[in-house]
Amino acid sequence: MKTKLRPGWVLALLCTVLFFYGFYLGGVQLVISEVSREYGQNATGMGGLVAAQHVAAVVLPVVLGALADRIGKKPVLCIFAAVFAVGCFLAGLSKNLGVYVTGAVCVGAGYSVCESVSSAVLSELDAEKGARYINLSQALLSLGAVISPFLVQWLQKSRHASWRLPFLICAAAYTLLALLLLLTVFPKRQTVTQKEATARTNFFASRAFRLLFFSILLYVGLENGISYFAESLFSVRLSAGDLAAAAISAYWIGMTVSRMLFSAVLRNPKKTLIGCFLASAAFLLALAVSKHPTVSLVCCFAAGFSYGPIWSTLVAQATGLFPEAGAGAAGVMSAGCGIGGIVYPVLMGAACDGMGLGGAFGLLAATAAAGAVLCARLQTNKRKTGASAPGMQ
């Protein structure tokens, strides 16, 4: 086993971890309506199935992020990569709704902890390039989500594969990744006492952190809203079910391109956040009113592009506020993701049942506008220690 830190290998490995999380997202977003039909669920029930995987994400990243700052990020990552694998096996092999939901909860526990702790590790690899590394890892996540729908759809048509396929592929991948993480040397953590850690992690005392937290809650609502309901939008509202996989992939292609771009250039985080939220509001509104499949397909790409740097920028700014407790800060932000992931799929499902898909996507447009308002209130905020929130201008 290697005893020397190899930053390039750590970056590549964590990008692979997030790539297969993206593969899971894209594949499940394609087959979720099939899963809901098999288990007798309507649109609201489908939203509940999506929300199930976010339940653990509300609590675990907060607890495990703080723990990772104290005992090290490597053991936490290894354990929860294995939890992700177990969850995928359970969901992929399930024969009833209860087992599927149990698997989905395990998947949510695994990916939420892996994503938040991985982001904290990437920010530690290089203080100056941390935000770019996080953007790069998110770009690889998006790339996985681009590839997955096309691959799964092709295998379903040519090999008569079932909806279980993306779960089983990710189960195998994360089993291997857990072993590789175990054999990898991570950056040495800062040593702080428990008293110091507690004093330095009063996250919500920072106005900037509060704004970032609620912004990421809204953002994950946007992400889940479009990605899990795009298949229904094209199949039901637009009567173009053959374009459903293309729509999901177009959305993730836009996000991949955007994240690659912003991993190279990220000049003003505040302006980037405001501009991206406003652009996404416009494209989501277009999806709400469009009745033309081609226009809607373009809007899916454009919405994904506008989403691109938002998650990474929000998390990088939050961890930058608390450099001595990066995993803890990322964990709290991940809890915000979990809340958004629970609330919005259910809201979207209820809106679909009550107002139709147009009304549901209109709700997303209003949410994006609210995100822009929150980010517009960000400014240079000083903590009690005298440090400033990075990059907020």
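This is a predicted model: local features need pLDDT of at least 70, side-chain atom pairs count only at pLDDT 80 or more; totals for chains, interfaces and linings use all residues.
Biologist: What makes the span of helix 1 close to the expected one?

Modeller: Helix 1 covers residues 7-38, which is 32 residues. From first C-alpha to last it reaches 45 Å, close to the 46 Å expected at 1.5 Å a residue.

Biologist: Where is the kink in helix 1 centred?

Modeller: The kink is centred on Val31 and amounts to about 50°. That angle is taken between axes fitted to the seven residues ending at the bend and the seven starting there.

Biologist: What makes helix 1 count as mostly covered?

Modeller: Of its 32 residues, 23 are buried, and buried means under 20% relative accessible area.

Biologist: How does helix 9 read in terms of span, and which residue is its kink centred on?

Modeller: Helix 9, residues 207-237, has 31 residues and reaches 42 Å, close to the 45 Å expected at 1.5 Å a residue. Its kink, about 50°, is centred on Phe229. Helix 9 is mostly covered, with 25 of its 31 residues buried. Just after helix 9, Ser239 has a positive phi of about 50°.

Biologist: Turning to the rings, how many aromatic pairs are there?

Modeller: The count is 21 aromatic pairs, where a pair needs ring centres within 6.5 Å.

Biologist: Why is the pair of Tyr100 and Trp163 called edge-to-face?

Modeller: The ring centres are 6.0 Å apart and the planes are at 75°. The cut-offs are within 6.5 Å for a pair and over 60 degrees for edge-to-face, so the rings of Tyr100 and Trp163 form an edge-to-face pair.

Biologist: Which parts of the chain does that pair link?

Modeller: The pair links distant parts, 63 residues apart: Tyr100 is in helix 5 (residues 97-125), and Trp163 is in the loop between helix 6 (130-158) and helix 7 (165-182).

Biologist: What makes Tyr251 and Trp252 an edge-to-face pair?

Modeller: The distance is 5.0 Å centre to centre, with 70° between the planes; edge-to-face needs over 60 degrees. Tyr251 is buried at 2% relative accessible area, and Trp252 is buried at 0%.

Biologist: Which residues form one aromatic cluster?

Modeller: The cluster includes Tyr100 and Trp163, together with Tyr21, Tyr24, Tyr39, Phe84, Tyr111, Phe167 and Tyr174.

Biologist: Which residues form the nonpolar patch on the surface?

Modeller: Ile253, Val257, Leu261, Phe301 and Phe305 form the patch, with about 390 Å² of accessible area together. Helix 10 (244-264) and helix 12 (293-307) are the elements that give two or more residues to the patch. Helix 10 gives the most, three residues.

Biologist: Why is Ile253 called partly exposed?

Modeller: Ile253, in helix 10, has a relative accessible area of 33%. Buried is under 20% and exposed is over 50%, so Ile253 falls in between and is partly exposed.

Biologist: What class does Leu182 have, and how far is Leu182 from Trp311?

Modeller: Leu182 lies in helix 7. At 47% relative accessibility, Leu182 counts as partly exposed, since exposed needs over 50%. Leu182 and Trp311 are 129 residues apart in sequence and 27 Å apart in space, C-alpha to C-alpha.

Note on methods: Residues are numbered from 1 along each chain as its sequence is written. Side-chain values use heavy atoms; hydrogens and water are left out. Rings of Phe, Tyr and Trp (its six-membered ring) pair if their centres lie within 6.5 Å; planes under 30 degrees apart count as stacked, over 60 as edge-to-face and the rest as tilted. Helices (H or I, at least four residues) and strands (E, at least two) are DSSP runs, numbered from the N terminus. Buried means under 20% relative accessible area, exposed over 50%, partly exposed in between (1.4 Å probe, protein chains only). Patches are made of residues with over 30% relative accessible area and no salt bridge: like charges are joined within 9 Å, nonpolar side chains (Val, Leu, Ile, Met, Phe, Trp, Tyr) within 5 Å. Accessible areas come from the Shrake-Rupley method with a 1.4 Å probe; for residues, only the protein chains shown count as cover. A salt bridge is a side-chain nitrogen of Lys or Arg within 4 Å of a carboxyl oxygen of Asp or Glu. The expected span of a helix is 1.5 Å times one less than its number of residues.
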